[in-house]
Amino acid sequence: MSMEKSFSFSSYHFSAPPRHSRDKDSEASSSNRGHHQWKSSGGEEDLQPEDHDSILRVSEDVDRFLETSATTPPLLQVPDCIPQLAKILDSMVYRYNTGKRKFGKDEENDELFLAVVDRISKISAILSTFPCDPSAFDKTTFSLEKAMSFLEKHLCTILQDPKSSTASATPTTHYHGDFQSNSKPKPPKKSSSFDSLTQIQDELCSTCVLENLNHQVQNQDHDQDSSNSNQYFPAFPQHKVSLMNKIATAMIAAGYQTEYCVAFASFRRIAFKTALQEFGYASVGMEEIHKMQWEVLEGEIATWNNTVRHCVTVLFNGERKLYNSVFSNQQSIISQNLLSDLARAVIIHFLNYAQGVVLTLLTVEKLFKFLDMYETLRDVVEPAIANGGSYLERCKKELAQEIATTKIRIVESTVAMFRDLENSVKGDSERVPIPNGAVHPLTRYVVNYLEYACEYKETLEQVLRQCLHDDKKIELEQDEETPKKSYLGTRLMTIMDLLNLNLENKSMLYKDSALRWVFLMNNGRYIVQKVKGCKELHQCMGDDWCRKRQSWLKLYHKNYRKDTWSKVLQCLNPDGLQGNISVVSPKDNNKDKVSKQMLKDKFKSFNSTFEDIYKTQSSWVVSDEQLKSELRASIAALVIPAYRSFFGRFKHHLQSSRHVDKYIKYHPEDIEALIEELFDGIAKTLPKRRS
C-alpha cells in the first residue's frame, strides 16, 4: 500500500453496507415488497407478556417444526406456532425498549429472549424458501429485524458507556487482561537534545557561558501515573463482556455479522483513539508537523515513542484479549480480521507520522530523536508484527514493508545529518578568536555530540552499515581476535580530524604565538579527556588515536615553553658578564671581575620579561586543572633552577649598590609563587616586593 493512502483514525471504517433498516425503515421496506404487513391486534402496546410455560410450549412446537422441515416436503400452510412465537418476540422487544425489562439484569429472561431470537432467525431462513405464505415470512423477518435493532442498540450502549471504559473499579471487577499502567515500557533514557551547531557563534561574546554548550539532558520520561484512564485497557466489567459475546452469537447466527462488526469496530476505534489521547498522543497531520518548531516537535517525537511502545506492548494485547472473549463462540477469522484492521490502521498512522518527521528540514540536532524512532520501530514494532500471530496475518506483509520503508528513510536522514555535521565542522570559518585561549565552543559541541552519539553505538553502527552496504555492496566483518574499525569509528575519526584542522586554523587568529599553543593545548586536552572518559567513544577512537593526540599535546607544550620562556632563560645567561675591565672593586682578582652595568641590565631584563609574561598569562585560561598543574610545574622546573643559580651567583655583586631593589626585585621563592598564579583567567597586578 502506498503511504499516501493514510489510514487516520477518523477514516477507519468498514465498507460493507448494513443489511437491515431499523424500525420505521424496516416497516417501509416490508410494505414496498407488496406483501401484507403483519401487525398485532391493537398494536405493540397491547401485546401481553406470555408466561414462561406458554413460551416453552410454543418453543417446543417450533422446535418440532424445525426438525421436520429438514426432512419433509415444504408445507402448504405455516403452523400457528410460528406467528405465535413472532408475537412473543415482539412483546419481549417492546418490554426491553420501553424499559419495563432491563437486558442484562435478569439472566434467565435474557437467555429465554436469545433462545426465541435464535428460533425466529432459523424460521426466517426456512420460510424464505416457502412459496405458500409470503406474509408469514414478512412477519418473522420484521420481528427479527426489530430484535436485531434492539441488540445492536444495546451493544452500542455497552461500548460507549463511559463506565465501561474507565478504570474506576478494581482489577477483580473489570476485564483488563494482564496489563496494568505500571507495566508499560519505559522510553529510552537517551532523550537529550542539542542546540543547533550554528548557535555556537552567539556564544563567542562571553566566556562565562561556554559551559552551556554541553548538551542538556531533558527528562523526557513520559509519566502518565496521574492518568487512570489507561490503568486497565479495555476496562469492561466481565458481565458486559459476556453480554457482548451473547449479542455477537445471536446477531451473527441471524446473519447480521456485518452490522455487529461495524458497530463493534467503530466504537473500539473511538475508544482506542481516546486511550492514545489520554496517554498524551495527539494526532497531527503532515502539514502541522512541518510547521512545528523543533523545540515543540522533539517533545512530540518523545511522546510518539512512548505511545507506540505502550500501544504495541499493552493496548494491542489488551484489545486482542477483548476480541477473543467477545467472539469466543465464532470462527477465529472474525476477531482476527477485526483486530488486524484496527492494528493496521493504527500502525500505518504511526508510520505516517514518522515519515512526516523525516521529511522536515534536517539539522544535526535532530539526529538522536530520529534514532529513538528507529529503535522503537526496530525493537518494538517489528518484533510485534513478526510475532503477532494469526491476528496480524492478513496485514503482516504490508506492515513489514511499510516499516522497512520508514526505517530506510530514517537511515538516509541519519547519514545525511552526519554529513551535515562534517560539513559544518569543516566550514566553520568564524574569525573571532576565543578570549584567553579557552576551549572553543565548537570543540565542546562536537565532542559532546559524538560522546552522546556513542550511546546509540549499536544503532548507529547498524544504520551506517546498512547505508554503506547499499551504496558500495560491502559488509563489515567483525573478528573478536583481530578487530577492525567500525563504520561508526571511521566516521567519528573523520569528524575529529576535521575538528582538529579547524582548530589549527583558528589558532592562527592569535597574534601571540604562545597563546596559539595554549589554545591548542586547551582544546586538545579537552578532546583527549572526553574520549578517555567515555568508554564507548574510546572504543570507537582506539588507543592508537589517543596516543597520537597525546603526542600532539606534548609538542604543543614544548612549543609553548620555547616561545615564552626561552626569552626569560636568555636573560639569565651569564655569558659576557665576567672578564670586563669594569669591576666592582679594584682589589678583586681578574677572574671575579663582573660588569656591574651589564649585571644590572640582566636583572632588569629578567624582571621586565617575567612581569610582562605574568601580567599577560595570568589572564589566560587553562580550564583543565591537571593541565594547569602540569604547565606550572614544567615552567617552574625550567625557570626556578636557572634563576636560583643566577641569583645566588651574582646577587652579592650588587648588594653594595644604591637602590639594589630596583634590580634584584624577586627572590626565587617569589618567582615560584607567581608562576602558581598563571592561567587562572584573571588579569592580575604584581604584588609588592617583600622587604
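This is a predicted model: local features need pLDDT of at least 70, side-chain atom pairs count only at pLDDT 80 or more; totals for chains, interfaces and linings use all residues.
Trainee: How many residues of the lining of the largest cavity are charged?

Mentor: The lining includes Asn500, Leu503, Leu520 and Gly524, together with Ile527, Val528, Arg549, Trp552, Leu553 and Tyr556. Seven of these lining residues count as nonpolar and two as polar, and the number that are charged is one.

Trainee: How much space lies in the largest cavity?

Mentor: Rolling a probe the size of a water molecule over the atoms shows where empty space is left. Searching the whole structure in this way gives seven cavities of 30 Å³ or more. For the largest cavity, the space comes to about 80 Å³.

Trainee: What share of the contacts with a separation of 6 or more joins residues 24 or more positions apart?

Mentor: A contact here means heavy atoms within 4.5 Å. Among the contacts in the protein with a separation of 6 or more, the share from residues 24 or more positions apart is 82%.

Trainee: How far apart are the end C-alpha atoms of helix H7, and what span should its residues give?

Mentor: Helix H7 covers residues 257-278, which is 22 residues, and at 1.5 Å a residue these should span 32 Å.

Trainee: Which residue with a positive phi follows H7?

Mentor: The residue has a phi near 110°, and it is a glycine that comes after the helix, namely Gly280.

Trainee: Is Asn436 buried, partly exposed or exposed?

Mentor: Most residues other than glycine have a negative phi. Asn436, in the loop between helix H12 (396-427) and helix H13 (441-453), has instead a positive phi near 65°. Its relative accessible area is 27%, and because that value lies between the cut-offs of 20% and 50%, Asn436 is partly exposed.

Trainee: Is Phe679 buried or exposed?

Mentor: Phe679 lies in the segment after helix H21 (668-675), and although it is not a glycine, its phi is positive, at about 70°. The relative accessible area of Phe679 is 1%, which is under the cut-off of 20%, so Phe679 is buried.

Terms used:
Residues are numbered from 1 along each chain as its sequence is written. Side-chain values use heavy atoms; hydrogens and water are left out. Helices (H or I, at least four residues) and strands (E, at least two) are DSSP runs, numbered from the N terminus. The expected span of a helix is 1.5 Å times one less than its number of residues. Buried means under 20% relative accessible area, exposed over 50%, partly exposed in between (1.4 Å probe, protein chains only). On a 1 Å grid over the protein atoms alone, a cavity is a set of points where a 1.4 Å probe fits but cannot get out, and a pocket is an open set with protein on both sides within 12 Å along at least five of seven lines; lining residues have an atom within 4 Å of a point. Grid points are joined across faces, edges and corners, and a volume is the space filled by probe spheres set on the points. Ala, Val, Leu, Ile, Met, Phe, Trp, Tyr, Cys and Pro count as nonpolar, Asp, Glu, Lys and Arg as charged, and the others, Gly among them, as polar.
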